[in-house]
Amino acid sequence: MSKKDSYLKSPDLLPISHGDRKISAFGFAVIWVGMAVVLAAFAIGGSGIQSLPLGWVIVATLVGSVAIGIFMTIIGDIGVEHGLSFPVYMRAPFGTFGTHIPSLVRGITASCWFGINTYFGATAINGILNLLYGFDNWFICFVLFATVQLVNTALGIKAVERFADLAAPIIIIISSWMYVALSDKALAEGRDIWVWVESPVTGGAAFTAFMVVVMANMGFWATLAADMPSLSRFFKAPKNERNWLKRNKAQIAGSIVAMPLVNTFMVIIGAVSYVAVLNYDPVVGLQQAASGFILGVLLLMIVLAQWSTNTSANVIPAATIFSNVGGPKIPFWVGVIMAGVVGILVQPWSLFGIIIPALLVIGGILSAIVGILFTDYYILRKRRVNVQDLYEEHGQFRYMNGFNMAGLIAWVVGGAAAYLMPSYSFLVGFAVGGIAYYVLAKYWWFEKYKQAEIEDPSDEKYLGITVGRDWTIDEGVESAVVPEATNPINT
């Protein structure tokens with residue numbers, strides 16, 4: 001069978017070879033310095049301090065951040081081992097066409113966060129220009145800021161890393177300065193940031209408040225945990241390394257060490273901002289705590305942080321997904337533009353109070369995908385993947401007209417469970433989605449549609465960098481050779 005220009009073989013979605021992986025452990029840690037500075041982190045701090053002392057907010061944030069960092073690293077092994085992006089691997093648990101449904105939900109969610117963060121950064125730019133020149137038009141700032149970020153992302157992952165290298169030290173210095181300024185403001189208001197609590201709770205209520213902070217941190221970053229392979233496929237890793245920890249050193253440095261530290265510091269700033277001015281938004285807090293040149297410098301940190309967050313955590317994942325849906329006709333740079341258009345069309349400036357709660361609910365629903373990916377990759381396939389067939393229209397991942405019903409049903413069940421238990425949405429979605437997928441796939445779907453790597457779990461045939469392999473895909477001609485044992489029994 002042969003067919004040219006398969007829509008599954010977009011050049012931007014082919015496996016990344018060992019030689020093309022440019023991001024080091026230090027480089028990913030630096031990217032996280034900017035990526036973790038988000039409005040949601042400030043909001044978590046501002047909300048937590050209303051019921052708990054700052055010390056307990058910090059402990060809860062560290063617990064939640066390290067936990068979600070571990071999940072990110074576990075799922076990110078897909079990119080490190082095989083060089084595959086999130087939407088391409090999703091063809092395994094959802095089918096070559098079914099992957100578009102959950103992927104588009106994630107892509108549109110990421111685009112909306114791009115719009116929200118851009119609006120947040122634009123208000124800071126407007127504040128700086130107003131201080132310097134009396135200029136006051138946040139919408140022009142929004143359009144220009146969005147354009148610059150999209151161009152930076154379209155230039156590729158290395159351009160994103162270079163910007164992070166520039167922004168990270170500035171962000172660290174200015175955020176420390178921001179903490180001191182807000183702490184002084186709180187002290188001037190007669191409030192000690194380490195003991196002040198707006199409405200303190202005790203006993204069981206205190207434990208519930210503690211878990212809310214833990215789950216809020218996990219739920220917010222759940223979406224990035226799902227599509228971490230889209231970033232991790234660019235990380236440097238040694239060939240022929242069978243030690244999982246050594247192979248994922250870059251991920252561990254970034255997601256389990258750097259991210260919890262920076263995220264916790266940003267949650268602290270949100271909490272201190274609330275203590276100082278009863279508003280978790282540091283832009284508002286800073287405008288009341290500082291003035292003149294100092295305020296301008298502090299607002300610059302907000303701008304750099306939103307830029308760094310958007311390129312890595314929102315635009316790259318969204319553009320990769322849109323490119324996967326559109327095939328070769330939509331290269332990565334076009335996907336970048338589409339992400340920007342969606343982020344603007346949702347008009348974050350007028351729906352700010354509605355979009356964020358809605359996106360956090362969607363984040364909980366997407367947590368079921370993390371459970372499905374974990375079960376598919378580690379438990380059922382044992383990290384072995386028939387990568388060639390991920391790019392074949394008529395290979396083993398075509399299933400029933402391109403859909404893996406086991407994955408879709410498990411996602412609906414897991415997502416519904418996460419929605420019904422919002423306080424523990426990530427853990428509930430992960431567990432229910434993963435267990436449902438295991439039962440449906442092992443005892444039903446894969447009995448109908450045999451999988452080559454499950455029937456014959458050969459290291460040499462189906463492992464990637466662990467056995468020193470760079471996956472190469474023929475871009476022009478489809479030559480699906482499906483072993484007889486893997487042909488669908490009922491189609």
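Me: How much space lies in the second largest pocket?
Reply: This is a predicted model. The lining of the second largest pocket has 19 residues, with Asp12, Ile16, Ile157, Arg233 and Phe234 nearest its centre. Helix 8 (157-188) and helix 15 are the elements that give two or more residues to this lining. The space in the second largest pocket is about 320 Å³.

Me: Which helices each supply at least two residues of the lining of the largest cavity?
Reply: The whole structure holds 3 cavities of 30 Å³ or more, and the largest cavity has about 90 Å³ of space. Its lining includes Arg106, Trp113, Leu224 and Ala313. The helices that each supply at least two lining residues are helix 6 (100-133), helix 10 (222-226) and helix 15 (292-326).

Me: Is Asn401 buried or exposed?
Reply: Asn401 sits in the loop between helix 18 and helix 19 (405-420). Its phi is positive, about 55 degrees, although Asn401 is not a glycine. Its relative accessible area is 58%, and exposed means over 50%, so Asn401 is exposed.

Me: What is the relative accessible area of Lys382?
Reply: Lys382 is found in the loop between helix 17 (352-380) and helix 18 (387-390). Lys382 is not a glycine, yet has a positive phi of about 50 degrees. Lys382 is partly exposed, and its relative accessible area is 49%.

Technical notes
Residues are numbered from 1 along each chain as its sequence is written. This is a predicted model: local features need pLDDT of at least 70, side-chain atom pairs count only at pLDDT 80 or more; totals for chains, interfaces and linings use all residues. Side-chain values use heavy atoms; hydrogens and water are left out. On a 1 Å grid over the protein atoms alone, a cavity is a set of points where a 1.4 Å probe fits but cannot get out, and a pocket is an open set with protein on both sides within 12 Å along at least five of seven lines; lining residues have an atom within 4 Å of a point. Grid points are joined across faces, edges and corners, and a volume is the space filled by probe spheres set on the points. Helices (H or I, at least four residues) and strands (E, at least two) are DSSP runs, numbered from the N terminus. Buried means under 20% relative accessible area, exposed over 50%, partly exposed in between (1.4 Å probe, protein chains only).
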